[in-house]
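Okay, thanks for coming, everyone.

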Amino acid sequence: MLLPRKVHVERKAKVNAKPGDIMALATSNEGYQKFNPFATKDPNLKISTYGPDSGIGSGFEFHGKEGKGTQTIAAMSENRVEYAIDLGRMGKPTQAIEVSPDGDQSNVVWSMDMDLGYNPVARIFGLFMDKMLGGNFEIGLTNLNTATRA
């Protein structure tokens, strides 16, 4: 069996909001916390924001039962935001939320990419990454649908 070096996890959903409304949440520290799946799973999750309130360079430190690290907006366009995640020794994946219009709704794709390098233990974890993270993205997409109705 070949152990993957690069891992991609992706979930899609239709959200009852226009792309601009979704992007407004996804590109701001305060907005992201309204649909953060890890905050749903861990009510004691500690969040400390840094940088500007929104846009490139805005981000937050997190510390909770599933780990600690930082998430920073690294790039953005009208319909896509990319986050640089730093999990320390656990790695530095990138996440993206991409939005496309669909009538009065939007199609949202939440994805994560990670290079596991040559570490065989990390590559074994890579085999389970979709199962470990996919559910979190599904929670986040459900939260996003709720947050855009508020």
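So, E6 and strand E7 (residues 105–115) pair antiparallel over nine bridges; strands here are DSSP runs of E, at least two residues, helices are runs of H or I, at least four, and both are numbered from the N terminus. Two strands count as paired if DSSP finds at least two bridges between them. This is a predicted model, where local features need pLDDT of at least 70, side-chain atom pairs count only at pLDDT 80 or more, and totals for chains, interfaces and linings use all residues. Residues are numbered from 1 along each chain as its sequence is written, and side-chain values use heavy atoms, with hydrogens and water left out.

Back to the hairpin of E6 and E7: there are two residues between the strands, and Gly103 takes a positive phi near 65°. Thr94 stands opposite Asp113 in E7.

On to strand E5, residues 80–86: five bridges join it to E6, residues 94–102, and the two run antiparallel. Val81 has Ile97 in E6 as its bridge partner.

Now, which helix gives the most to the nonpolar patch? That's H4, residues 120–126, with three residues. Val121 lies in H4.

Last, the lining of the largest pocket. Its residues divide into 22 nonpolar, eight polar and seven charged; Ala, Val, Leu, Ile, Met, Phe, Trp, Tyr, Cys and Pro count as nonpolar, Asp, Glu, Lys and Arg as charged, and the others, Gly among them, as polar. H5 gives the largest share of that lining, five residues.
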